[in-house]
Amino acid sequence: MFSDRNSDIDHETIELLENAQDRIRQKKNVYKHFIVYLFISGFFLFIDFFLAVGQNILIFNYSWSIWVLLIWTFILLYHLFDVFISKKIINNKWILNQKSHLIKLQQEKIKSLKKDIETESKIYADSNSNNSNQLVTIIVAASENNIIGDNNKLIWHLSKDLIRFKNLTKGHHVIMGRKTFESMPKALPNRTNVIITRNKNYVAENIIVVNSLENALKVCKDDPQPFIIGGGEIYKIGLDYANRIELTRVHQSFEGDTAFPEIDEEVWKEVNKIEMFDIENHDYNFSFITYDKFN
Ligand SMILES: NC(=O)c1ccc[n+]([C@@H]2O[C@H](COP(=O)([O-])OP(=O)(O)OC[C@H]3O[C@@H](n4cnc5c(N)ncnc54)[C@H](OP(=O)(O)O)[C@@H]3O)[C@@H](O)[C@H]2O)c1
């Protein structure tokens, strides 16, 4: 990928250099032309008017040397015009275009390099470290009919659930899809925010951007408990990688456009349940249920 860009830049740089060399050559030539013109025309005038060579050759009443000088003056003027006016206009424009094109390419390259270095160093720096004890945890709040969101927003507000989310994920990596990230005002504080997107140029403050869940998990290699925090698309692929689900089951059915997949009881076993019924300032009953993967 970068070698392609490098060859683009080299090509453009060589073109710029060649163009500058051409300009110098053109100016040198016009200067030489002017000197030769001065000498030869002086010589012709001298032999015509002082030595009287070919004085009887008249064209429209003018001597031959005047005609030679006149024609040559036109040629010289054309040469000057070509080098200092037409070529200059074309070249200035061309150079400006090339310059801005080069600057754009360089800026894109620097941006992309910075991003790649940040991600790749996280992914590969500690590739030998052992993560067999890692507890990859999905954390989700879902209704009785598995709805988790609508129109890129959460449906309910349960402050006890938010406090639990905060306490569980604090200090850990939180992995999320680009849409979930954009549904929040900014990156979650006190956590390492890892955002999954197919957009290679995605940038935002205080996040690590990756292009797959596998790479997100590599970024979290040293975290004993990274959390997959949504949304629907990422939960769907996350179930294969997770060992635990921390589910807040909201005991109500809702309409929405995003759902959590059905929990397969052949794979997931309930290991803990805390019922949160009739809690003050909470609109719905809910339960904190922990599932561990046994297959
Ligand atoms: N109730 C809860 O616990 C909970 C938690 C979190 C979110 N939510 C809700 O869930 C909804 C958002 O979920 P969602 O399913 O629409 O979106 P999402 O899963 O948050 O993000 C989807 C985006 O992730 C990226 N992506 C998905 N799969 C990918 C792959 N295999 N490789 C690379 N990138 C991939 C794509 O980003 P690009 O398009 O940029 O490529 C895709 O558009 C919202 O309503 C939110 O409120 C609910």
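These are questions and answers on how terms are applied to the predicted model above.

Reader: How do you know which features of the model may be described?
Author: The model is predicted, and local features need pLDDT of at least 70, side-chain atom pairs count only at pLDDT 80 or more, and totals for chains, interfaces and linings use all residues. Residues are numbered from 1 along each chain as its sequence is written.

Reader: What makes a run of residues a helix or a strand?
Author: Helices (H or I, at least four residues) and strands (E, at least two) are DSSP runs, numbered from the N terminus. The chain has six helices and 12 strands.

Reader: What makes two strands a pair?
Author: DSSP has to find at least two bridges between them. In general, strands of a sheet pair through backbone hydrogen bonds, either parallel or antiparallel. Five bridges join β5 to β6 (residues 192-196), and these two strands run parallel; within them, His-173 stands opposite Thr-192. β5 and β8 are joined by two bridges, also in the parallel sense. Against the cut-off of at least two bridges, β5 and β8 therefore count as a pair. Ile-175 has Ile-228 of β8 as its bridge partner.

Reader: Why are β7 and β11 called edge strands?
Author: The open sheet has eight strands in the order β7-β6-β5-β8-β3-β9-β12-β11, with mixed pairing. β7 (207-210) and β11 (268-276) each pair on one side only. The partner of β11 is β12 (residues 286-293), with eight bridges in the antiparallel sense. Glu-275 stands opposite Ser-287 in β12.

Reader: Why is β5 said to be largely enclosed?
Author: A residue is buried if 20 or more other C-beta atoms lie within 10 Å of its own, exposed if 12 or fewer, and partly exposed in between, with C-beta atoms placed from the backbone. Five of the five residues of β5 are buried, so the strand is largely enclosed by the rest of the structure. His-173, Ile-175 and Gly-177 are on one side, and Val-174 and Met-176 are on the other. In the chain of 295 residues, 20% count as buried.

Reader: Is His-33 called buried, exposed or partly exposed, and what makes it so?
Author: His-33 has 16 C-beta neighbours inside 10 Å, so it counts as partly exposed. His-33 is found in helix α1 (residues 2-50).

Reader: Which residues is His-33 in contact with, leaving aside its neighbours within four places in sequence?
Author: Two residues are in contact if their C-beta atoms, placed from the backbone, lie within 7 Å. His-33 is in contact with Leu-76 and His-79, leaving aside those sequence neighbours. The C-alpha atoms of His-33 and Leu-80, 47 residues apart along the chain, are separated by 9.5 Å.

Reader: What makes a set of residues a nonpolar core?
Author: The set consists of buried Ala, Val, Leu, Ile, Met, Phe, Trp, Tyr and Cys residues joined through C-beta atoms within 7 Å. The largest such core has 38 residues, of which Val-140, Ala-142, Ile-175, Val-194, Ala-216 and Ile-228 touch the most other members. β3 gives the largest share of this core, five residues. Not counting residues up to four places away in sequence, Ile-228 touches Val-136, Ile-138, Ile-175, Ile-234, Tyr-235, Gly-238 and Ala-242.
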